Amino acid sequence: MTNNKTLLALSLGGLLLAGSVQAQENKLYLFNWTEYMDPEIIEAFEAKYDVDVVQNYFNSLPEMFAKLNAGGASQYDIIVPSNYYVPRLIQTGLVQKLDRSKLENLDNVMEQFRDPAYDPGAEYTAPYQWGTTGIVYNTETFPEAPKSWSLMFDPEVNPDHPFALMGDGQVSMGGACAYLGHGYDCTDMDAWKEAARLLIDTKGRETFSGFTDGTPALQQLARGVTHVGLSYNGDYLFFKTEDPETFASLDFMIPDEGAEMWVDSMMIPAEAPNPDMAHKFIDFILDAKVGAQLSNYNYYASPNAAAAPYLDEVLTQPPVQPSDADMERLRFTPSLEGNALQTFQQLWSEVQSR
């Protein structure tokens with residue numbers, strides 16, 4: 001009897017193990033920004049490949065990076081980081097190279113995203129969406145607002161009205177650098193120190209309401225808690241379209257001194273449970289019609305050239321597609337490593353603690 005029980009246990013164990021492997025093969029774990037994926041795209045992908053997509057979300061890049069470092073590199077199949085975190089993910093070994101032979105739709109990618117500075121040769125990344133970070137302000141409060149960071153940093157331009165900066169240190173420091181004439185993408189130590197001093201002075205003003213990221217910043221502006229803030233062009237347009245009455249007096253601008261252009265990319269973690277399905281997902285998103293559906297859903301610009309005929313008209317003009325003049329002023333946030341990253345983090349910590 002004992003032998004039979006052992007055999008039965010072994011065979012059941014084998015079946016259970018096979019079941020768990022099968023279950024794993026029929027799942028795709030996606031780690032993405034909140035409110036950044038059309039549910040209908042997920043449903044279509046699940047139906048096409050008979051797979052369940054399990055979605056997890058992050059609200060900031062440091063949060064995403066921390067989770068990957070704490071074992072997430074073996075828990076997720078797809079992550080969607082922004083450009084300046086890509087080199088950090090590659091250098092720390094948290095991601096794997098793409099198998100381009102499995103990505104038939106790569107040819108749909110626009111020329112400008114095929115060999116990006118943050119991932120030369122696009123060996124690790126396929127672009128997901130792109131956009132800009134700009135100033136959102138109340139047009140009733142500032143009917144003749146300058147197209148400038150001075151709306152935040154010059155107390156003479158905005159002496160009385162509450163404003164917020166962004167919790168992402170590189171964006172707020174970049175804005176201060178741009179305002180001081182050093183360019184949004186400055187990495188010079190003296191420029192950083194000057195920008196940090198400006199941010200500390202700015203924090204000391206009675207009208208400074210804090211560091212607030214994208215969507216919450218828009219909600220504060222809509223409620224009149226602040227009159228100037230930083231947010232993303234797609235988020236701004238999404239909220240304005242959903243609730244035109246509340247957002248009627250809010251406008252989005254790219255300061256003349258320069259601002260951020262960003263690209264979010266799809267990457268596969270180093271120990272992804274299902275890398276084959278991950279490649280299928282990336283290729284699915286790179287399809288012309290699916291790429292257009294994604295942008296039409298979330299109001300961000302598509303990096304997919306083949307998607308252009310299927311995009312809603314609102315996506316072909318500002319604020320989603322910046323004017324030629326504004327495009328010339330946009331820069332990628334620099335990717336920092338080593339001593340530069342350490343110095344930046346020290347300066348940013350000082351800004352936050354003062």
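## A ring cluster

Tyr36, Tyr128, Tyr232, Trp262 and Tyr300 form a cluster linked by ring pairs. Rings of Phe, Tyr and Trp (its six-membered ring) pair if their centres lie within 6.5 Å; planes under 30 degrees apart count as stacked, over 60 as edge-to-face and the rest as tilted. In total, the structure holds 24 aromatic pairs.

This is a predicted model, in which local features need pLDDT of at least 70, side-chain atom pairs count only at pLDDT 80 or more, and totals for chains, interfaces and linings use all residues. Residues are numbered from 1 along each chain as its sequence is written, and side-chain values use heavy atoms, with hydrogens and water left out.

## Phe65 and Tyr85

The ring centres of Phe65 and Tyr85 are 5.9 Å apart, and their planes meet at 75 degrees, so this pair is edge-to-face. It links distant parts of the chain: Phe65 is in helix α3 (residues 61-69), Tyr85 in the loop between β3 (78-79) and α4 (86-91), 20 residues apart. Helices (H or I, at least four residues) and strands (E, at least two) are DSSP runs, numbered from the N terminus.

Phe65 is buried at 15% relative accessibility. Tyr85 is buried at 8%. Buried means under 20% relative accessible area, exposed over 50%, partly exposed in between (1.4 Å probe, protein chains only).

## Phe113 and Trp130

Here the centres of Phe113 and Trp130 lie 6.2 Å apart with planes at 40 degrees, so the pair is tilted. Phe113 sits in the loop between β4 (95-96) and β5 (126-138), and Trp130 in strand β5, so parts 17 residues apart in sequence are tied together. Phe113 is buried at 4%, and Trp130 at 2%.
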